[in-house]
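Here is a short briefing on aromatic pairs and nonpolar cores. Keep the structure open as you read.

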Amino acid sequence: HYQSLNEKLMKDISTLDFTWHEENVYGTNIKGSQFNFISNPHVAKPNGIILLEQWVTQLVKLNFIDINFHTWIARLDEGQETLEHNHHPVCTMVFVYFVNTPKGSSPLVFPTSGKKVKAEAGTLVIHPSVLKHKVPPNKCDGRITIASNLYISEKDSF
C-alpha cells in the first residue's frame, strides 16, 4: 500500500519549508535540500511520517527496547548528492524510505560492500549506523527520501 502512503507523504511534505544544505546550522552530508524535525521543533510531524515511524518500530521492535526517532526529509535535484558517511556513534540504526523517485533517481550505495539499493518508491532500508553509505549525483529533479536515526535503548521496566 505504499502508493497511498506516498501520496499522503508528498502532500505533507509540500507544506514544509526545506533548507538548502549550505544554510543548515547542524551540518549535513546531504548536498541538496532538507527538512529536519529536530531543528524545527515548532512543526508537528505529519501523520504520514508518524505512520512510517510506527511501521519501522513494528519491524525492529523487541519487547525490551524503546526506539526514539530523529527524522528528516531529503530532496535531491539534478546533480545533487549525499556524501559518504555513517551515523556511528550517534545512533544504533538508520532507516531510509523512498517517497518520490523519478526516472534518473540515484541509488543508495554502500561503498564498503559495493551493494546498491535501487531508488524505488515504497522501498524501506534499515541498516546499522556503522555502515558507510552515500547517494551519487542525482540525474533528475525531485528525488525525495525520509530518513531517521534510530536511538534504541533498554526499557526501564525490563
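Is Tyr97 buried or exposed? Tyr97 is buried, because its relative accessible area is 1%, and the cut-off for buried is under 20%. The model is predicted.

**Aromatic pairs**
- The whole structure holds three aromatic pairs.
- One of them joins Phe35 and Phe37 edge-to-face, with 5.0 Å centre to centre and 75° between the planes.
- Phe35 counts as buried at 3% relative accessibility, and Phe37 counts as buried at 7%.
- Trp55 and Tyr97 also pair edge-to-face, at 6.1 Å centre to centre and 85° between the planes.
- This pair links distant parts of the chain: Trp55 lies in helix H2 (residues 47-60) and Tyr97 in strand E6 (residues 93-100), 42 residues apart.
- Trp55 has 33% relative accessibility, so it counts as partly exposed.

**Charge over a ring**
- Arg75 places its charged end over the ring of Phe18, 4.5 Å from the ring centre.

- Nonpolar side chains tend to be buried together in soluble globular proteins.
- The largest nonpolar core has 21 residues, and Leu9, Ile13, Ile73, Phe95 and Ile146 touch the most other members.
- At least two residues of this core come from each of helix H1 (2-13), H2, strand E4 (65-76), E6 and strand E11 (143-154).
- Beyond its neighbours within four places in sequence, Ile13 is in contact with Phe18, Ile73, Val99, Ile144 and Ile146.
- A second, separate core has 13 residues, including Ile30, Leu76, Val125 and Ala147.

Definitions and conventions. Residues numbered from 1 in each chain as written. Predicted model: local features only at pLDDT ≥ 70, side-chain atom pairs only at ≥ 80, totals over all residues. Heavy atoms only, no water. Phe/Tyr/Trp six-rings, centres within 6.5 Å; stacked < 30°, edge-to-face > 60°. Buried < 20%, exposed > 50% of the residue type's maximum accessible area, 1.4 Å probe, protein only. Helix = DSSP H or I, 4+ residues; strand = E, 2+ residues; numbered from the N terminus. Lys NZ or Arg CZ within 6 Å of the ring centre and 35° of its normal. Core = buried A, V, L, I, M, F, W, Y, C linked by side-chain atoms within 4.5 Å. Contact = heavy atoms within 4.5 Å.
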